[in-house]
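Subject: Structure handed over, with findings

Dear colleague,

Please find the structure below, together with its sequence.

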Amino acid sequence: MRSPHPIQAGVLPLVASSVVLAALLVPVPPALAADVACSVTYTTNDWDTGFTASVSLRNDGAALDSWQVGWTFPDGQKVQQGWSATFAQTGAAVTATNLSYNGHLGTGASTSFGFNGTKGSANRPPTDFSVNGSACTGANKAPTVSLTSPTSTGTYYAPATIPLAATAADTDGTVGKVEFYAGDTLLATDTAAPFEGSWGNVPAGTYSITAKAYDNKNASTTSNPVSVKVLSGPTIVATPATAQVKQGGTTTFGVTLAGAPTSSVTVAIAKTGSSDLTATPTSLTFTPANWSTAQNVTVKSADNGGALGSATFTASSNGYTAATVTVSEISASTSDYQVEFLKQYNKIKDPNNGYFRKFGNILVPYHSIETLMVEAPDYGHETTSEAFSYYLWLEASYGQITGDWTPFNAAWTSIETYAIPSAADQPGNSGYNASKPATYAAEYPSPKSYPSQLQTGVAVGSDPIAAELKAAYGSPDVYGMHWLLDVDNIYKFGHCEDGTNTAPAFINTFQRGSQESVWETVTQPSCDVLKFGGKNGYLDLFTGDSSYAKQWKYTDAPDADARAVQVAFQAEKWAAAQGKGSDVAAVVKKASKMGDYLRYSLFDKYFKKIGNCVNPSSCPAGSGKDSEHYLISWYYAWGGSMDSSSAWAWRIGDGAAHQGYQNPLAAYALSADAGLKVTSATGASDWATSLGRQMEFLQWLQSSEGGLAGGATNSWEGQYGTPPSGTPTFYGMFYDQAPVWHDPPSNQWFGFQTWGMERIAEYYQATKDARAKKILDKWVPWAIAGTTVGAGGSFQVPSDLTWSGAPDTWNATSPGGNTGLHVTVKNYSTDVGVAASLSKTLLYYASGSGNAQAKTVGEQLLTALSANADTQGIAVPETRTDYNRFDDAYNATTDQGPYVPAGWTGTMPNGDPINASSTFTSMRSFYKNDPQWPKVQSYLDGGAAPTFTYHRFWAQSEIATAFAAHVALFG
């Protein structure tokens with residue numbers, strides 16, 4: 001099992017950062033001119049005053065041990081900030097020199113680098129590329145393209161036909177084709193000038209149209225977008241549709257007609273709602289001459305100091321579609337960040353936007369609005385414990401802003417009803433034997449080594465907390481969230497394989513070692529009664545046994561449960577400051593209970609003794625607390641029998657801990673906060689120890705640059721193996737650069753840095769713990785150095801990270817300096833969720849430390865995010881090259897694709913076959929009915945990689961709560 005993680009979005013154009021580049025030319029690496037044969041591809045994405053350039057260098061000559069690319073800007077452009085090379089500029093002359101890791105280029109090899117720049121008088125591409133002082137005659141410059149139709153001033157009525165046209169040129173070749181897009185949907189393609197197309201039967205709505213030109217060498221450029229609105233008929237337009245007015249103040253909205261009338265039109269302004277809000281004038285007149293000129297309506301809030309109210313204003317006229325604007329009063333002291341939170345919150349909670357499915361009166365969040373989505377969840381309308389925890393966070397921030405804690409309590413009701421298995425969903429716990437909590441089965445690096453045989457001869461330790469948890473809460477059941485649910489029952493497992501769609505179905509995917517990616521999983525029900533799958537249901541895909549009983553099994557993602565505790569801690573403080581502590585007390589108590597059970601993540605998987613475990617047979621079984629490593633590990637899990645007359649159950653922890661899962665704020669709350677301190681006999685003591693151990697762990701993993709390396713494990717490769725000689729240790733646990741998850745490496749994504757550091761920053765802001773500040777003081781400058789924010793919503797944050805070296809073996813009394821542990825930013829992205837998480841981290845750090853730069857950059861990121869708003873939230877397009885894996889079958893040579901053992905056959909509930917020839921899609925044929933599937937099919941048929949604009953629930957909530965965090969911290 002692994003916790004959900006987002007796929008990073010592609011890089012959007014950026015403008016200059018505050019990084020100052022040396023104005024000295026770096027000496028040219030020695031090389032003979034005759035030895036150099038090369039080609040350079042130079043492409044840009046432009047905006048008002050700046051651009052992002054991507055440069056690809058191919059070496060067609062003798063191998064190079066180092067390289068320096070040079071060129072001359074023709075229009076006075078300036079390099080501002082770059083990556084994957086060292087840049088220097090004198091006048092118009094620029095050099096880009098390799099870094100230590102990418103200097104060697106064999107014959108035929110390529111490398112790439114990029115930079116953000118400012119334009120000069122224009123932005124023509126350079127024409128004189130050189131490598132190591134020799135001309136690079138193979139340089140390829142991308143084409144130029146400009147959209148000429150439609151224009152933003154055009155008016156269209158549904159069903160509309162919109163003409164498409166663009167001009168395109170290429171200075172060093174020919175234009176091969178021009179594509180026209182609405183958002184990420186391909187509308188038309190033309191391969192010859194004049195480049196034209198048509199989009200017919202367009203429904204009412206607002207669309208962003210672009211043209212994309214390709215040259216004969218496949219370099220491409222995308223035009224600036226044009227926003228087009230298609231109306232349903234004669235229409236009144238009111239902007240904005242929602243607004244806030246400070247109490248005692250005024251706000252305005254503009255009214256126009258969508259098209260020219262044949263005679264004068266009178267528009268009436270009517271109101272429903274609060275008498276404290278009034279609008280003037282109450283009627284407007286539009287003529288054939290002024291119909292497109294906005295006439296303002298002023299809304300005034302009565303300065304009476306009363307309760308905040310709201311009203312809806314309707315602009316209407318006979319024969320026209322009316323427009324409505326909802327205006328709400330807010331406090332006179334309200335900040336702009338509070339307004340932005342409310343805008344984002346209202347989008348997420350708008351039923352028309354599709355973030356939730358409603359079961360009775362209970363909302364369940366989807367992983368994303370969009371259904372065609374494969375990352376950790378293998379379908380967009382699944383949900384995760386991560387999403388539930390962010391739902392709680394969203395509503396806690398709403399309570400902080402508004403003082404209304406009803407939605408916060410409703411979010412916990414959703415968690416308790418659907419994410420935490422009920423007693424009926426986990427029968428057999430009465431038969432749990434804490435002296436033998438589970439039977440050992442080794443993990444393996446590849447799915448092809450599964451099923452893993454159960455090994456009854458390997459000793460396992462005892463579970464030291466089961467009895468005290470039962471004593472504290474009066475139940476043998478576990479109170480934790482299962483990580484993955486099928487909200488729409490797309491797989492048709494239903495509740496415990498009954499096939500019904502009356503509630504989200506507990507399902508699971510990852511079960512087979514560190515290399516199993518989402519593209520290689522076989523989705524199975526958490527309650528396996530042997531109705532679907534093969535003769536043993538799905539069980540014998542994962543473990544080897546002589547026979548199988550009907551059973552259930554759940555997996556907890558500890559970072560999500562810890563996040564819920566973290567949020568409950570904040571909600572407790574915010575509500576208490578409002579004098580409403582009793583409003584959240586019941587949920588806070590339940591969060592404490594969840595935190596008590598979360599201790600299972602602090603133990604070795606099979607409760608073996610912590611430290612230098614290098615053989616499953618000789619590694620001693622634990623007793624008491626000597627199997628507790630006190631770190632928040634990747635998972636804990638529990639399962640049992642369906643037959644209450646033959647009750648048995650099992651529980652496991654995990655010996656692998658990742659830096660991004662640690663949550664010192666949760667540990668602090670569960671050990672020291674009056675409302676959240678756990679009630680079991682040793683729970684508070686365990687979490688107090690965990691707090692200190694986590695802080696040591698994070699210090700141990702901090703690289704020379706500041707980023708935090710992967711983690712540690714008590715069970716090398718999941719089978720208590722022997723690590724390479726010299727592997728550093730932390731309290732006897734072995735350093736692991738990528739704990740648990742290798743495809744892709746689990747510490748590659750920068751988001752695991754921001755998720756973890758945000759918790760540390762919150763903890764530091766709340767407690768002023770100097771240990772947290774020491775880590776933040778080093779991490780924050782590193783993160784800021786990799787972040788740029790420009791005008792018009794442009795920004796970039798680190799995306800993938802590359803690691804080298806290792807930390808020093810931990811010495812608690814004399815910690816090493818980790819001079820041999822290094823991190824490099826491999827590439828950058830415009831991941832809106834990560835940007836919001838980083839902003840939140842910087843704001844909490846700034847609040848605690850007074851660091852002005854952190855506050856400024858945090859605010860700049862929020863400003864950039866708000867500029868990328870759409871009707872459903874805040875999002876940017878992303879290209880999914882990994883979607884070529886939809887049709888991958890297992891390849892024994894590459895060990896890629898879904899692995900099903902030879903001879904194993906079965907079926908999914910809809911009849912999709914499962915066998916050795918299965919692909920990801922063949923086991924999920926429902927994907928081919930998705931309205932977005934043609935984009936993927938085109939890619940599988942050899943077309944361009946599809947682009948999607950995703951609205952992930954966690955990311956949208958992260959953005960909203962970042963705005964709210966600014967309000968909470970700075971007023």
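Pro901 counts as buried because its relative accessibility is 13%, where buried means under 20% relative accessible area, exposed over 50%, and partly exposed in between (1.4 Å probe, protein chains only). This is a predicted model, in which local features need pLDDT of at least 70 and side-chain atom pairs count only at pLDDT 80 or more, while totals for chains, interfaces and linings use all residues. Residues are numbered from 1 along each chain as its sequence is written, and side-chain values use heavy atoms, with hydrogens and water left out.

Pro901 lies in the loop between strand S53 (877-879) and strand S54 (906-907); strands (E, at least two residues) and helices (H or I, at least four) are DSSP runs numbered from the N terminus. Leaving aside residues up to four places away in sequence, Pro901 touches Tyr450, Pro451, Leu541 and Ala916, a contact being heavy atoms within 4.5 Å. Its C-alpha atom is separated by 31 Å from that of Lys608, 293 residues apart along the chain.

The chain as a whole

The protein chain has 14 helices and 56 strands. Buried residues make up 58% of its 971 residues. Of the contacts between residues at least 6 apart in sequence, 73% join residues at least 24 apart.

Confidence

The average pLDDT (the predictor's confidence in each residue, from 0 to 100) is 91, and 95% of the residues score at least 70. Over residues 1-35, however, pLDDT stays under 50. Where pLDDT is low, the predicted coordinates should not be read in detail.

A helix pair

The axes of helix H5 (residues 558-577) and helix H7 (residues 664-672) come within 8 Å and cross at roughly 65 degrees. Axes are lines fitted to C-alpha atoms, for helices over the stretch in contact, with angles from 0 to 180 degrees between N-to-C directions. In this contact, Ala562, Val565, Gln566, Phe569 and Gln570 of H5 meet Leu665, Ala666, Tyr668, Ala669 and Leu670 of H7. These residues divide into eight nonpolar, two polar and no charged, where Ala, Val, Leu, Ile, Met, Phe, Trp, Tyr, Cys and Pro count as nonpolar, Asp, Glu, Lys and Arg as charged, and the others, Gly among them, as polar.

Yours sincerely
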